[in-house]
Amino acid sequence: MNTVLICTGTELLKGSCCNTDLAFAGAQLTGIGIPPTLEMTVGDHPGELAFALAAALKHADTVILSGGLGPTRDDITLETAARFFGLELTEVPELRAKVETCWAERHGGRCPKPQYKQARIPVGGRYFPNPAGVASGIGVDVTYAGIPRHVYLLPGPPGEFEAVLTAMLPELRKLAGVKTFTAGFLVCGMGETFVAKTVEPLLQNLPVEIAYTAQSGGTKLFLSGAETDVLPALETCRTALGRNALPTGEYSLPEHLVRVLSKRGERCGCAESCTGGLVANALVEIPGASACFQGGIVAYANAVKRDLLHVPDEILRTCGAVSAPCAEAMALGACAALNCDCAVSTTGIAGPDGGTPEKPVGLVFVGAARHGLAAVRELRLHGGRRMIRERAAAQALLLLKDLLDGGGDDLC
């Protein structure tokens, strides 16, 4: 089963928003053994979408389209797909009732006619629930160029797309009949090259396929093959990668930390300078973070570091804000100020300006403290301002993980 993903939306091509649907779909489809073989992004124009469909069907028997199922003029996916495959559209009473109910709850009054576009599906098609929005997911089986095809249409907003695709996965898994098992984990703080150098010699004689996904916080490692081969191979890799490797099936360091801290009944916080809230945001993105996360202090100015985190004036005067002593004092100060068991800190020079020969752009110190024990790491990061900040936040969380894992003197 070959799968192609088509993402529609002129806003995606203009760069006005990030296409998170692609990342989610790739991860979910890979997880059931049918990673997409091709992805295309097209604007909200019938001609462009028809061209993409024709190109996709040269490569795949299953096409997944995201976006363009709403009520506005630029929502043309359903109508264009119906014309392309010669399908008639029909209104589903249950979906019409949902459209009216949602309109009444949100706006009141009579439901405008364009809203009912979201109640239609192709004749012979089926719909999938969308608990996060109005437009339902749609599935339809067609014949194109004499070959049976499977077409799935999903709403584009990320929350809705994720909910609908999750509802579709059992059908896709059954349709594919895939027997290949895929699993993996996140390797924290290690780049793709280093992960590959570590694991590939261990796997070269095993019947498993390797895939990597690099990100600011590390590298996701995936192995595919028979389950009886994959699971032992993953454990071999985890042993070789040491404490950088999360447990099998875990791909998010913030999610891992929330789980561990919540299980232990510990509370955490953060004191951020150069990352400006990225650490706090990474944690509160995780459902259930309130069980362990107390809060964060963005201490950008030295006066805030001194007044709220009680960083000593002597440290700020003699070592400077971008220093190991300051990072340590910030982490310990956050524990006290936020009344938590552990905390992380970040302070550095994200650029593009502000660097000196002694303290260049990319110099960052991250700290972590727990029950009075503090550790600091000095980082020399590269890239633009955003990349430096993201990597610093990820490294701060990794240091906290090491502290929680019981790392010793080698933390510093």
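Helices (H or I, at least four residues) and strands (E, at least two) are DSSP runs, numbered from the N terminus. I am working on a predicted model, where local features need pLDDT of at least 70, side-chain atom pairs count only at pLDDT 80 or more, and totals for chains, interfaces and linings use all residues. Residues are numbered from 1 along each chain as its sequence is written, and side-chain values use heavy atoms, with hydrogens and water left out.

**Entry: Arg149**

I looked up Arg149 and found it in strand β8. Arg149 is buried (under 20% relative accessible area, with exposed over 50% and partly exposed in between; 1.4 Å probe, protein chains only). It has no salt bridge (a side-chain nitrogen of Lys or Arg within 4 Å of a carboxyl oxygen of Asp or Glu). Asp61, the nearest side chain of opposite charge, is 6.8 Å away. So what does the Arg149 side chain reach? I found the backbone oxygen of Ala60 at 2.8 Å, and the backbone oxygen of Tyr144 lies 3.3 Å from a polar atom of that side chain.

A reminder to myself: most residues other than glycine have a negative phi, and most peptide bonds are trans.

- Ala145 has a positive phi of about 55°. I place Ala145 in the loop between β7 (137-144) and β8 (147-154), and it counts as exposed because its relative accessibility is 64%.
- Asn339 is in the loop between α13 (324-338) and β14, and at 49% relative accessibility it counts as partly exposed.
- The peptide bond from Gly351 to Pro352 is cis, with omega near 5°. Pro352 sits in the loop between β14 (342-348) and β15 (363-370).

**Entry: the largest pocket**

My grid rule first: on a 1 Å grid over the protein atoms alone, a pocket is an open set of points where a 1.4 Å probe fits, with protein on both sides within 12 Å along at least five of seven lines; lining residues have an atom within 4 Å of a point. I noted a volume of about 1,900 Å³ for the largest pocket, volume being the space filled by probe spheres set on the points.

Which residues lie nearest its centre? They are Ala23, Gln215, Lys220, Tyr251 and Ser252, out of 43 lining residues. The largest share of the lining, nine residues, comes from α2. Elements that each supply at least two residues include α6 (158-176), β10 (209-215) and α14 (385-404). By class I have 20 nonpolar, 15 polar and eight charged residues, with Gly counted as polar.

Conventions: Lys, Arg positive; Asp, Glu negative; His and termini not counted. Polar contact = N/O pair within 3.5 Å; in protein donor to acceptor, adjacent residues only side chain to side chain.
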